[in-house]
Amino acid sequence: MVKPKTEEEIGLLRENAIIVSKTLAEVGKWVAPGVTTAKLNEVAETFIRDNGAIPSFLGFEGFPAATCMSVNDVVVHGFPSDYVLKEGDIVSADIGTLYKGYNGDSAYTFPVGEVNAETRKLLDVTKASLYKGIEAAVAGARTGDIGHAVQSYVESFGFSVVRELEGHGLGKEMHEAPGVPNFGKRGHGARLAEGVVICIEPMVNAGGRGVYLARNGWAVHTADHRKSAHFELTVVVRHGKAEQLSTFDYIESTDNS
């Protein structure tokens, strides 16, 4: 059994989650053809610091930027760079904060301009699978129940779940127990108690599930170089229904979805 957070701790995690959610919305306002991922990183870092928080990814185990900006076939952990976004690209912005001693963590994959039908479907299915996982994150359930919910939904559309990466607990540390895989069997894995805080983050490939690590030691690419989408929210395990701490509402109210 993973140790639950107190309501005071959950309150601090909620404050972080709102900062991260609003930061993603600010990034979304800038996502367009002709914009570099370095610019998106700059927008995020400025917003985080202006709100009294610290970008927790910067310097984490040597990571060189405030955010992860992963374009097209990069699943996660892409470096912001001078890459200029093009019409039809997708870019996953993964953002973390440190505020009042606790962490925030959330991610959203944005379409750049108009995307083709398969890419739109990939984004829609990946995001929907996240909510399927959240529905399974109730007290008494196990992490395998979440993974099964995500995997079964994704695979029903012919897409693939990345298995080498997973969601995680969140608190004073960026990554805490339990690990939350996006695949699994019902009734398996760590049992979830009321008050446990986790990040659920499906990483879904348009093609096969195979991935490889880039030479920089961070960016994870799809083996077949087809696109990959990534959505992440922080939730509290509750009886009956999980409580969302982070939200996409700020993003989607600005029509960037």
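Predicted model: local features only at pLDDT ≥ 70, side-chain atom pairs only at ≥ 80, totals over all residues.
**Tyr 108 and Phe 231**

Are Tyr 108 and Phe 231 buried or exposed? I found Tyr 108 buried, and Phe 231 is buried too.

Next I looked up aromatic pairs. The structure holds eight of them. Tyr 108 and Phe 231 form an edge-to-face pair, because their planes stand at 80° with the ring centres 4.9 Å apart. For that label, the planes must be over 60 degrees apart. I then checked where the two residues sit. Tyr 108 belongs to strand β5, which covers residues 102-111. Phe 231 lies in the loop between β13 (228-230) and β14 (233-236). The two are 123 residues apart, so I noted the pair as a link between distant parts of the chain.

Which residues do ring pairs link into a cluster? I wrote down Tyr 108, Phe 110, Tyr 131, Phe 231 and Phe 248.

**Charges over rings**

I looked for charged side chains above ring faces. Lys 39 lies over the face of Trp 30, 4.6 Å from the ring centre. Arg 163 does likewise over Phe 183, at 4.7 Å from the ring centre.

**The cores**

I turned to the nonpolar cores. The largest has 53 residues. Which residues have the most contacts inside it? They are Val 27, Val 91, Ile 198 and Ile 200.

I set aside its neighbours within four places in sequence. Among its remaining contacts I listed Leu 130, Ile 134, Ala 137, Ile 146 and Val 180. Phe 231 is also in contact with Ile 200, and this is the Phe 231 of the edge-to-face pair. Glu 232, Leu 233 and Val 235 touch Ile 200 as well.

There is a second, separate core of 10 residues. Leu 12, Ala 17, Tyr 102 and Val 236 are included in that one.

**The whole chain**

Last, I stepped back to the whole protein chain. I counted five helices and 15 strands. Along the principal axes, the C-alpha atoms fill a box of roughly 45 × 45 × 35 Å.

How much of the chain counts as buried? I noted 58% of the 257 residues. The accessible surface comes to about 10400 Å². Carbon and sulfur atoms hold 51% of that surface.

Note on methods: Residues numbered from 1 in each chain as written. Heavy atoms only, no water. Phe/Tyr/Trp six-rings, centres within 6.5 Å; stacked < 30°, edge-to-face > 60°. Helix = DSSP H or I, 4+ residues; strand = E, 2+ residues; numbered from the N terminus. Buried < 20%, exposed > 50% of the residue type's maximum accessible area, 1.4 Å probe, protein only. Lys NZ or Arg CZ within 6 Å of the ring centre and 35° of its normal. Areas by Shrake-Rupley, 256 points an atom, 1.4 Å probe, with all protein chains shown as cover. Core = buried A, V, L, I, M, F, W, Y, C linked by side-chain atoms within 4.5 Å. Contact = heavy atoms within 4.5 Å.
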